[in-house]
Amino acid sequence: MSSDREGGKASQDSVINNFILGFKNKYDSLYRDPETSSLKEFKQKKKLLDQFKSEIDYIKHDLMKAFKLYDDCKQTFDHQANEITKILIDEPELPPPSTSASTNKKQNWASLVALAENHNHDDSDEAKEDSNDTKIKRKIREDNLQQNLIQVKVSNRFTIPAFKVDSAKEAPLYRLAYCDTTREFILRVTTDVIIRGNIGEIFTESNGLMNVRICTYQDKCKNRKSCHFWHDPTKTTSDDVMNFTAKSWMYEPETVGRRRFGNHKTLDEDIAGLTSDDVTILTRQTMHDILCCIILQRYVNRFNN
Ligand SMILES: [Zn+2]
């Protein structure tokens, strides 16, 4: 909390804040009743406003450069963190931990993976991170990914191979995982992007929809047995698989319930109006399609040719 207060104080004393106050004082000192103001005073005000505007533009320009620098550095950092994690997780299986060398190597991997995993966290959460690090290290030490590979039955005919995990946090990078607790597939695409979901039903009629829209109440929903909305298994105990309407694949940015993001030409504008529910729905729809792709590529040749 003390750092918040210090942050507030720093912002009050900032160069920008002094600059704003300076303008305000100068402008206020020129203020007179419009009826009694002289033409000269109006000219002075106009000049002050023009000067202020050009200085703001200058600051804006510099700030944009600062944001770009931040984005560039962040992008490079994320890329490096991902590469480190990828190399570490994709290392071939270790020999049995009978020698001290292999044990050390495992521990080094784990600490580097934990470092990459947690690079976005705040320093103030250090104690919490330590315990998370320990969990991750323990998990990675115990993990033999091949032993955890399971075949998840998604229909009478089809299974999808995935690495069994107990929570999304344990899902390995770039590999399809399946969480038994939330009963959903998980694909960790980068350290901070996770796609979750299942193959849902696709409704072609607008009536009788089930688990299509997101329940506003989630864990506070009082009508769980009769509620036709979808409850997120990561937020509340739920077996709900998200379903979709056929129209949710149709790009129509003005219409709720349709796909509102994904057209290359309008990506920049489209993102402005989207909500976290839109993100959840499109993400789960993406997992639906990824799983369909896996089935198609694994089974079409086997069954149809
Ligand atoms: Zn509900």
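Modeller: Start with helix α2. This model is predicted, and of the 16 residues of α2 the number buried is 0, so the helix lies largely in the open.

Biologist: How do you know how the reach of α2 compares with the expected value?

Modeller: Helix α2 covers residues 15–30 and reaches 23 Å from its first C-alpha to its last. At 1.5 Å a residue, 22 Å is expected. The two values are close.

Biologist: What share of the chain is buried?

Modeller: Of the 305 residues, 15% count as buried. The chain has 7 helices and 7 strands. From the N terminus, the elements run α-α-α-α-α-β-β-β-β-β-β-β-α-α.

Biologist: Which strands form the open sheet, and why are β1 and β5 called edges?

Modeller: The order is β1-β2-β3-β4-β5, and the pairing is mixed. β1 (149–153) and β5 (193–197) each have a single partner strand, so one side of each is left without a neighbour in the sheet. On average, neighbouring strands are turned by 45° against each other, direction ignored.

Biologist: Which way do the residues of β3 point?

Modeller: Leu176 and Tyr178 point one way. Ala177 and Cys179 point the other way. All four are buried. In a regular strand, side chains alternate between the two faces of the sheet.

Biologist: What makes a group of residues a nonpolar core?

Modeller: Its members must be buried, of a listed nonpolar kind, and joined through C-beta atoms within 7 Å. The largest such core here has 14 residues. Those with the most contacts inside it are Ala162, Val165, Ala177, Phe185 and Ile186. β2 (159–165), β3 (176–179), β4 (184–190) and α7 (276–304) each give two or more residues to this core. β3 gives the most, with 4 residues.

Biologist: Which residues does Val165 touch, beyond its neighbours within four places in sequence?

Modeller: Val165 is in contact with Glu170, Ala171, Ala177, Cys179 and Ile186.

Biologist: Where is the second core?

Modeller: It is separate and has 5 residues, including Val212, Ile214, Cys215 and Trp230.

Biologist: Which residues does Cys221 contact, beyond its neighbours within four places in sequence?

Modeller: Cys221 is in contact with Cys215, Cys227 and His231. Cys221 is found in the loop between β6 (202–203) and β7 (244–245).

Biologist: Why is Cys221 called partly exposed?

Modeller: Cys221 has 15 C-beta neighbours inside 10 Å. Buried needs 20 or more, and exposed needs 12 or fewer. The count of 15 falls in between, so Cys221 is partly exposed.

Biologist: What makes the phi of Arg183 worth a remark?

Modeller: Arg183 has a positive phi of about 55° although it is not a glycine. Most residues other than glycine have a negative phi. Arg183 sits in the hairpin of β3 and β4, which has 4 residues between the strands. With 14 C-beta neighbours inside 10 Å, Arg183 counts as partly exposed.

Biologist: What is the phi of Gln218, and where does this residue lie?

Modeller: Gln218 has a positive phi of about 45°, and it is not a glycine either. Gln218 lies in the loop between β6 and β7. Its 15 C-beta neighbours inside 10 Å make Gln218 partly exposed.

Methods: Residues are numbered from 1 along each chain as its sequence is written. This is a predicted model: local features need pLDDT of at least 70, side-chain atom pairs count only at pLDDT 80 or more; totals for chains, interfaces and linings use all residues. Two residues are in contact if their C-beta atoms, placed from the backbone, lie within 7 Å. Two strands pair if DSSP finds at least two bridges between them. The expected span of a helix is 1.5 Å times one less than its number of residues. Axes are lines fitted to C-alpha atoms, for helices over the stretch in contact, and angles run from 0 to 180 degrees between N-to-C directions.
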